[in-house]
Amino acid sequence: MSKRLSEDFLWGGAVAAHQLEGAWQEGGKGVSVADVMTVGGPDKERNITKGVVSGEYYPNHEAIDFYHRYKADIALFKEMGFKCFRTSIAWTRIYPTGEESEPNEAGLKFYDDLFDELIKNNIEPVITLSHFELPYHLVTKYGGFRNRKVIDLFVKFATTCLKRYKDKVKYWMTFNEINNQANYDNDFLVFTNSGLYFNPGENREEGMYQAAHNELVASARVVMAVVTGIIRMLMLGIPPLALTGSIFGAFGAGILYKYGRNMYWSMFGEFLGTGIVGSLISVPVMVWFTGQQQNLYWFVYTPRFVGATIIGSVIAYFVLVNLLKINSFKEIQRMFVG
């Protein structure tokens, strides 16, 4: 009896931005921890230099030049039957030092183009936000992830990416292999993971655990930013319907279905202040539990009212039921929880 993988099984390959992109100074990219690691070999460890040193060979500076050749490479992926491709977003292409107030548009556009090309070839992007590509500036200024300031900077980078690529990327990972640095006596591992340098006599174990803790906190904060809805409407791709009212509450209902199973849920939507009539009352979200966990439906939504009329709520209901075809709780769960 032959066995086949299901049609929706994601088969593909995995890399990281620093492993293949090259173009280490193009498009406004800044210097990352990977950019200061020299070539190694069977009998030679990679050296971590204090910045980019003239005369040293840094293999990732050119890598396989995926930055310029990704279209041809993706064509080969398609020929191989790939259904997904995992890579990372180089933090320093988006925020070259990690501290800029605004992201680098050239870097954002590169990943827009990359994801478009993958999708055009029916390949799902699977994206890691931090895969050993910490901005080197954050190492020299803050000591890498041992400093809690870097948590905030990572969250800003991550949410920028989640918002920008909300309609193109379905599968996200925050960090790659935090556990690699468990061998804290290995300079290479603690540096690639967390940007850690250790002085003679310094407690390396304590430094490693502090950095790992901060990375876990950063990861949790990014996840919670999604869960609590800070970027909910953007990331999940629901148009705001600013002129017709908008739909809220399904996300919270989905979370309760997943973790609570038998809990009622209500949520209040935003108010739209018009400057004339101020903020108007909005309709609460209700979830009706019918007695069986598999028959949980929601019937009322929270529209955003426009001005002083109720037309917005009528149109929002039409969009919800007739256009989006969302009638049952399971459909909501698939949209928001997975």
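Where is the place of Lys29 in the chain? Lys29 sits in the loop between α1 and α2. We'll come back to it after a quick tour.

This is a predicted model, where local features need pLDDT of at least 70 and side-chain atom pairs count only at pLDDT 80 or more, while totals for chains, interfaces and linings use all residues. Residues are numbered from 1 along each chain as its sequence is written, and side-chain values use heavy atoms, with hydrogens and water left out.

**The whole chain**

The chain has 12 helices and seven strands. Here helices (H or I, at least four residues) and strands (E, at least two) are DSSP runs, numbered from the N terminus. Of the 338 residues in the chain, 48% are buried; buried means under 20% relative accessible area, exposed means over 50%, and partly exposed is in between (1.4 Å probe, protein chains only). The chain exposes about 17700 Å², and carbon and sulfur atoms supply 57% of that. Those areas come from the Shrake-Rupley method with a 1.4 Å probe, and for residues only the protein chains shown count as cover. A contact means heavy atoms within 4.5 Å. Take the contacts between residues at least 6 apart in sequence: 68% of them join residues at least 24 apart.

**The sheet and its helices**

Four strands make an open sheet with parallel pairing, in the order β1-β2-β3-β4. β1 (12–14) and β4 (171–175) are at the edges with a single partner strand each, so one side of each has no neighbour in the sheet. From one strand to the next, the twist averages 15°. Two strands pair if DSSP finds at least two bridges between them; β2 (residues 84–88) and β3 run parallel and are joined by five bridges. Cys84 stands opposite Glu124 in β3.

Helices lie across this sheet too. Helix α4 (residues 105–120) lies across β2 and β3, at about 150° to β3. α6 lies across β3 and β4, running at about 165° to β3. For these angles, axes are lines fitted to C-alpha atoms (for helices, over the stretch in contact), and angles run from 0 to 180 degrees between N-to-C directions.

How far apart are the end C-alpha atoms of helix α6? They are 23 Å apart, which agrees with the 22 Å that its 16 residues (149–164) should span at 1.5 Å a residue. The expected span is 1.5 Å times one less than the number of residues. Buried residues of α6 include Val150, Phe154 and Leu162.

**Back to the loops**

Lys29 has a polar contact of 2.8 Å between its side chain and that of Asp35. A polar contact is a pair of N or O atoms within 3.5 Å; within protein, one must be able to donate a hydrogen and the other to accept it, and residues adjacent in sequence count only if both atoms are side-chain atoms.

Asn60 is in the loop between α1 and α2. With the same exclusion of residues up to four places away in sequence, Asn60 touches His18, Gly22, Ala34, Asp35 and Met37.

Asp65 has a positive phi of about 60° although it is not a glycine. Phe132 has a positive phi near 60° and is not a glycine either.

| Buried loop residue | Loop | Relative accessible area |
|---|---|---|
| Lys29 | between α1 and α2 | 13% |
| Asn60 | between α1 and α2 | 8% |
| Asp65 | between α1 (17–20) and α2 (66–80) | 16% |
| Phe132 | between β3 (124–130) and α5 (136–142) | 13% |
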